[in-house]
Amino acid sequence: MDSRTQTGRLEIATPADFNFTECLAILGRSDQELLHTINDERITKLLAAENEQVLFEVSHSGRALHIDFPHHTPSEQGKQAARRYVAEWFDLDTDLQPFYAMAASDPVLREVVEKHAGLRLIGLPDLFEALSWAVIGQQINLTFAYTLKRRLIENFGSSLTVAGVDYWAFPSAETIASLQVEQLRSLQFSGRKAEYLIQIAQELASGRLVKEELIGQSEQQVEQQLVAIRGVGPWSAHYVMMKCLRFTSAFPVSDVGLHNALKHQLGLEQKPGIAEIEALAKNWTGWQAYATFYLWRVLL
């Protein structure tokens with residue numbers, strides 16, 4: 001996407017099929033969210049970029065996202081880090097027209113995609129954050145998952161206080177890699193999850209796991225590499241491939257939210273099984289990630 005700097009503001013052109021309000025609905029789903037705030041259709045977020053803390057606000061008007069820096073103007077590197085983050089966060093570089101064309105004739109997706117047109121697959125650009133969220137969310141409800149994430153951030157993340165408001169950034173892999181299991185268990189993480197998070201952090205901190213290297217591989221290669229990590233099963237791998245690595249064909253087919261959404265959307269008496277979901281998804285090839293994300297939207 002094109003961008004330009006204007007008196008400290010960055011502007012990123014958005015596609016014609018972009019709906020900022022729909023994106024905000026996803027980003028505002030939990031009042032426990034610490035990593036961004038939303039007020040008057042403006043998102044404020046703290047980004048830990050290299051050796052710099054970049055606090056930025058995102059708004060939308062016309063055909064552009066506007067990135068402002070309310071605390072102080074960052075370095076040029078900091079500005080560009082924010083620009084890259086926002087473009088990836090909102091998945092601005094993906095052409096959704098093939099997805100919309102497919103959905104228009106799909107009996108499962110047609111109604112939900114038409115209703116929420118312009119929604120982008122809101123991502124988690126940081127690989128460690130994406131893997132952590134996938135592990136934290138395993139086998140617990142969403143409310144408790146947010147509670148654990150909040151505790152992790154408040155205890156080990158970085159923060160910036162502006163006008164009496166605390167803004168937080170997710171802990172770095174290097175920080176979590178140095179922890180002991182008991183430090184996470186004291187926050188009510190299970191022993192297993194504590195072990196998984198620390199080991200995943202160590203994989204990233206050591207350079208054995210690198211986002212850019214994963215992006216250059218095939219879906220099959222990436223899934224194989226991710227599930228080889230303790231604590232990362234097929235669901236977690238596809239969640240990360242979908243939300244961070246941007247494989248539009250990633251498909252967390254065992255996802256409980258997807259099952260509930262299909263039950264709701266199709267008016268079923270019980271949640272569909274895996275075989276039934278795969279049959280329903282036969283037309284979604286190449287777009288399973290977006291199909292899943294739009295179906296999650298109906299649960300809000």
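**Entry 1: the core.** I kept in mind that this is a predicted model. My first stop was the largest nonpolar core, which holds 102 residues. Which of its members touch the most others? I found F56, F90 and L226. Helix α5, residues 127-136, gives this core its largest share, eight residues. Apart from that core I noted another one of six residues, including L55, V162, Y167 and A169.

**Entry 2: around F56.** I listed the contacts of F56, leaving out residues up to four places away in sequence. Among them are I43, T44, K45, L47, I67, D68 and F69. The list also includes P70, A82, Y85, V86 and W89.

**Entry 3: helix α11.** Next I turned to α11, residues 219-227, and asked which of its residues are buried. They are E219, V222 and L226. Those three cover an arc of only 65° around the axis, which puts them on the same side of α11. On the face turned away from that buried side I found the exposed residues Q220 and Q224. What do the buried residues of α11 pack against? My answer reads α5, α10 (211-215) and α12 (234-243).

**Entry 4: helix α13.** In α13, residues 256-266, the buried residues are G257, L258, H259, A261, L262 and Q265. The buried residues of this helix pack against α4 (110-115), α14 (274-280) and α15 (288-297). I then checked both ends. At the start of α13, D255 brings a side-chain oxygen to within 2.9 Å of the backbone nitrogen of G257. Just after the helix, G267 has a positive phi of about 65°.

**Entry 5: aromatic pairs.** How many aromatic pairs does the structure hold? I wrote down 19. One that I followed up is F99 with W287, a tilted pair with 5.7 Å from centre to centre and 40° between the planes. F99 is in helix α3 (residues 97-103) and W287 is in the loop between α14 and α15, so this pair ties together parts that are 188 residues apart in sequence. Both F99 and W287 are buried.

F99 also pairs with Y290: the ring centres are 5.5 Å apart and the planes are at 50°, so this pair is tilted. Since Y290 belongs to helix α15 and F99 to helix α3, the pair ties together parts 191 residues apart in sequence.

**Entry 6: a ring cluster and two lysines.** I traced ring pairs that link F18, F20, F56, Y85, W89 and F90 into a cluster. K45 lies over the face of W89, 5.6 Å from the ring centre. For K149, the charged end sits over the ring of W133, at 4.8 Å from its centre.

**Entry 7: F20.** F20 is buried, with a relative accessible area of 5%. Setting aside neighbours within four places in sequence, F20 is in contact with E41, I43, V58, S59, H60, L65 and F90. I also noted G118, 98 residues from F20 along the chain: the two C-alpha atoms are separated by 7.6 Å.

How values were computed. Residues are numbered from 1 along each chain as its sequence is written. This is a predicted model: local features need pLDDT of at least 70, side-chain atom pairs count only at pLDDT 80 or more; totals for chains, interfaces and linings use all residues. Side-chain values use heavy atoms; hydrogens and water are left out. A nonpolar core is a set of buried Ala, Val, Leu, Ile, Met, Phe, Trp, Tyr and Cys residues joined through side-chain atoms within 4.5 Å. Buried means under 20% relative accessible area, exposed over 50%, partly exposed in between (1.4 Å probe, protein chains only). Helices (H or I, at least four residues) and strands (E, at least two) are DSSP runs, numbered from the N terminus. Contact means heavy atoms within 4.5 Å. The arc is that of the directions from the helix axis to the C-beta atoms. A polar contact is a pair of N or O atoms within 3.5 Å; within protein, one must be able to donate a hydrogen and the other to accept it, and residues adjacent in sequence count only if both atoms are side-chain atoms. Rings of Phe, Tyr and Trp (its six-membered ring) pair if their centres lie within 6.5 Å; planes under 30 degrees apart count as stacked, over 60 as edge-to-face and the rest as tilted. A charge sits over a ring if NZ of Lys or CZ of Arg is within 6 Å of the ring centre and within 35 degrees of the ring normal.
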